[in-house]
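Dear colleague,

Please find below the structure that I am handing over to you.

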Protein chains: 2
Amino acid sequence: MVSTELYRLSACEIRDLLRSNTITVEEYAKSLLSRVSARDNTVKAWVYLSPEYVLEQARALDKTLKDNRGPLFGIAIGIKDIMNTKDMPTEYGSPIYKGNNPTFDSAAVGILRAAGALIFGKTTTTEFAAVQKGTKTANPHNPAHTPGGSSSGSAAAVADFQVTLSVGTQTAGSIVRPASFNGIYGMKPTWNSISPEGEKTFSIHNDTFGFFARTVKDLELFADIFSLQDDEMPRSVDLKESVFAVLNPTDILGEGSKAALGSAAQLLRDSGARVEMIDLPDIFAKIIDMHTEILAHDGRIAFYKEYRLAPEKLNSQLIEYVTNKHQLSRKNYVMYLEESSSLRPQMDRLLSGYTALIAPSTLDAAPQGLEYTGNPVCNSLWTALHVPVINIPGFQSSDMPVGVSLIAPRYHDRQLLKVCEKVGEVFTRNGGWTSKV
Amino acid sequence: MVSTELYRLSACEIRDLLRSNTITVEEYAKSLLSRVSARDNTVKAWVYLSPEYVLEQARALDKTLKDNRGPLFGIAIGIKDIMNTKDMPTEYGSPIYKGNNPTFDSAAVGILRAAGALIFGKTTTTEFAAVQKGTKTANPHNPAHTPGGSSSGSAAAVADFQVTLSVGTQTAGSIVRPASFNGIYGMKPTWNSISPEGEKTFSIHNDTFGFFARTVKDLELFADIFSLQDDEMPRSVDLKESVFAVLNPTDILGEGSKAALGSAAQLLRDSGARVEMIDLPDIFAKIIDMHTEILAHDGRIAFYKEYRLAPEKLNSQLIEYVTNKHQLSRKNYVMYLEESSSLRPQMDRLLSGYTALIAPSTLDAAPQGLEYTGNPVCNSLWTALHVPVINIPGFQSSDMPVGVSLIAPRYHDRQLLKVCEKVGEVFTRNGGWTSKV
């Protein structure tokens, strides 16, 4: 039964094989490491990965008594290097933190480890997950293209089957964008439903912890581990009784994303769902600009320490935040905070009229070049509104993947996952994208 | 010139003596350590303090070249043990973190260290700065009384002259309350004007970093180091041209706080200021209850990791948060978030009509016993509204200190300090409290 391609399986599949003692954690880890070894020269998703330490952890896990095995027992997880890990360096994509060893876990990493996960390695991130200058990581589907960012390595490693699951953060579009570019699922839960403690802060109002997987069942595994809970038990979803809102494509979208939205709407109709093509009310248009300015204010606070310690090693954009180069006023900042806050319940109300809303995840498929991780403009709105978003893969443009975003009101994360089970199945089966890696 | 009582001087005084080479950091540190040695059995403000390491740091600082000496060169600072320090244990007042050694500094500690501060030791905190169960620390003015909390040790150590400055955090009333109980200045700046990164999180919406000192000039030193900046340059303050709002005492206040408010109003009038006794509009009344429920929701997220790791070592109140014992709904939570947000600009507007507002800092002087750190009800409103607050000492009740709160609109921290210079001088000179420690 032991396959040389264990690395291709989902977390739920691996979990079942481990539970039934069909495989050991060590065998599974070796399979992943063989994949890394074959592909790392091309994808370069890791900023820290010690095969010896992975195997050491795997063997230690194999020795765990049956009763002490957590719900994520043995499942390998890539950790965005913006999160503190007690046993691996944490460098936040910044030369200031070269060789930094926090010796204790971020809240989320601690929760994963307590659940029995195999903390596999640290994945690349743009500098402090705050800039759009790319990392060394390439898109596994075509290494001439960016994997997106800032959660570059986490998305690429999962897409490339080098690790089964990974975690990341989104402050503008840093989970949904790389998920779309890499053709995998990426979930940004409701803001502040998982503690960001022990992660580098950029915008306290927007930083959101989230995760990547290749199946919806695996996203649900994450949701269990992190205790995501809606007010009400999620209901099962029948597409025939569902009503979706799909955003009308706008001029800023490229052909790939326009086509993906169109296909998404058509596939849902074909599945018996009702689909309303809608435009967002104008009141939501300005939140993207407000979000940009809020980030600048929050960055002024967040990077002040680094500015004091080593300004010469800090990205110029972050220095501009700290020194308030553009003379932004606190008066506007507090006004924007209040306005963003007042728009959130309005978006919740709009979304609650639908089974879910479908929006573009990115302007188009991943652009060429590794210098620029791509525009987060399709994501900032949802980040600022704190609503849960899942990128559903399944579409394509010029041989590269394109996803669409599935969106629900705040704290309807579990219900959104239920919807995603059904919708994801339709899109990934019929959308036209097949991973060749 | 070297006095055996260097420990009694303010940070600005010590700074001048250090700059003029009148004293060395080592001499100053030895003076503080002698005070600690004489008083620690009574006050018990420290959870970690190594005299050897203090002297080692002091000697290293003394060797720093003149040009490399930062603006806080050699000034000793006590660090609330909720903040990570790279060279000292950080236990967050929790048995779960016994012996925890983060090996890197919180943002604020890093900024202080980069400014040349002498990181003196770690001060006691209630469990995760989240509960009102007291620590071992006693009130220096009468050890049968609580020093307040959660920043218990930071406030007591500064009041007792064991350290010159200290830092703390406030989520409900954890800076202003202990400052009032200990008869010192305590400042809670505008929320998110100083990064809380590397501090244990309780409520992401409310946790506020702040500081303690015995003079307003020393508070201003902190404001400089942390780069607090208003939109406009602060204006000089003339009490004769000032208009203060003073809250009418309510039935919940004890005699000490009632008298302090009354004296405060009278002293300001005597100084030529106009004083309006006001009641807060009813719209602000409900924010205290909303704040309590927001804390419960935020605590559900913040302590989930500790609940997974070691529930048996977690305070029962925090377990109730995590398990949502009171079945609080996310629906109410997001409603309260929006309502709190909409009340903030309304309070800013109200406050901007006055030179400053004066409110009670505590229900009364510090209650007897070390079990309970006292009620934060006088502070939650201001914390939730994110406005800057300074406790001004100077009043007394039954031989114990009582302070009052000075409050301004958000991001008017520097202006508030200007006001505090004048008002503090009047209150501390004529209010009737003199420290006997």
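**Findings on the two-chain model**

Tyr92(A) is placed in the loop between strand E2 (76-80) and H4 of chain A; helices (H or I, at least four residues) and strands (E, at least two) are DSSP runs, numbered from the N terminus. Although Tyr92(A) is not a glycine, its phi is positive, at about 55°.

This is a predicted model, in which local features need pLDDT of at least 70 and side-chain atom pairs count only at pLDDT 80 or more, while totals for chains, interfaces and linings use all residues. Residues are numbered from 1 along each chain as its sequence is written, chains are lettered from A and ligands numbered from 1 in the order in which they are written, and side-chain values use heavy atoms, with hydrogens and water left out.

**Cis peptide bonds**

In chain A, Gly149(A) and Ser150(A) are joined by a cis peptide bond with omega of about 0°. Ser150(A) belongs to the loop between strand E3 (118-123) and helix H5 (152-159) of chain A. In chain B, the peptide bond from Gly149(B) to Ser150(B) is cis, its omega being near 0°. Ser150(B) is found in the loop between strand E3 (118-123) and helix H5 (152-159) of chain B.

**Interface of chain A and chain B**

Contact (heavy atoms within 4.5 Å) links 51 residues of chain A with 51 residues of chain B. The size of an interface is often given as the accessible area lost when the parts come together. Here the buried area (the accessible area, with a 1.4 Å probe, that two parts lose on being put together, summed over both) is about 4,000 Å², and carbon and sulfur atoms give 58% of that area.

Two salt bridges (a side-chain nitrogen of Lys or Arg within 4 Å of a carboxyl oxygen of Asp or Glu) are found across the interface. Lys200(A) forms a salt bridge with Glu197(B), with the closest N and O atoms 2.9 Å apart.

On the side of chain A that touches chain B, the elements giving two or more residues are helices H4 (107-114), H7 (216-225), H9 (287-302), H10 (304-309) and H12 (330-352) of chain A. H12(A) gives the most, with nine residues. By class, this side of chain A has 21 nonpolar, 16 polar and 14 charged residues; Ala, Val, Leu, Ile, Met, Phe, Trp, Tyr, Cys and Pro count as nonpolar, Asp, Glu, Lys and Arg as charged, and the others, Gly among them, as polar.

**Helix packing**

Helix H1 (residues 11-19) of chain A packs against H7(A) at an angle of about 75°, with the axes 8 Å apart; axes are lines fitted to C-alpha atoms, for helices over the stretch in contact, and angles run from 0 to 180 degrees between N-to-C directions. H1(A) is therefore roughly perpendicular to H7(A) (angles of 65 to 115 degrees). Ala11(A), Cys12(A) and Arg15(A) of H1(A) make the contact with Lys217(A), Asp218(A) and Leu221(A) of H7(A). This contact has three nonpolar, no polar and three charged residues.

Yours sincerely

How values were computed:
Angles under 35 degrees count as roughly parallel, over 145 as roughly antiparallel, 65 to 115 as roughly perpendicular and the rest as oblique.
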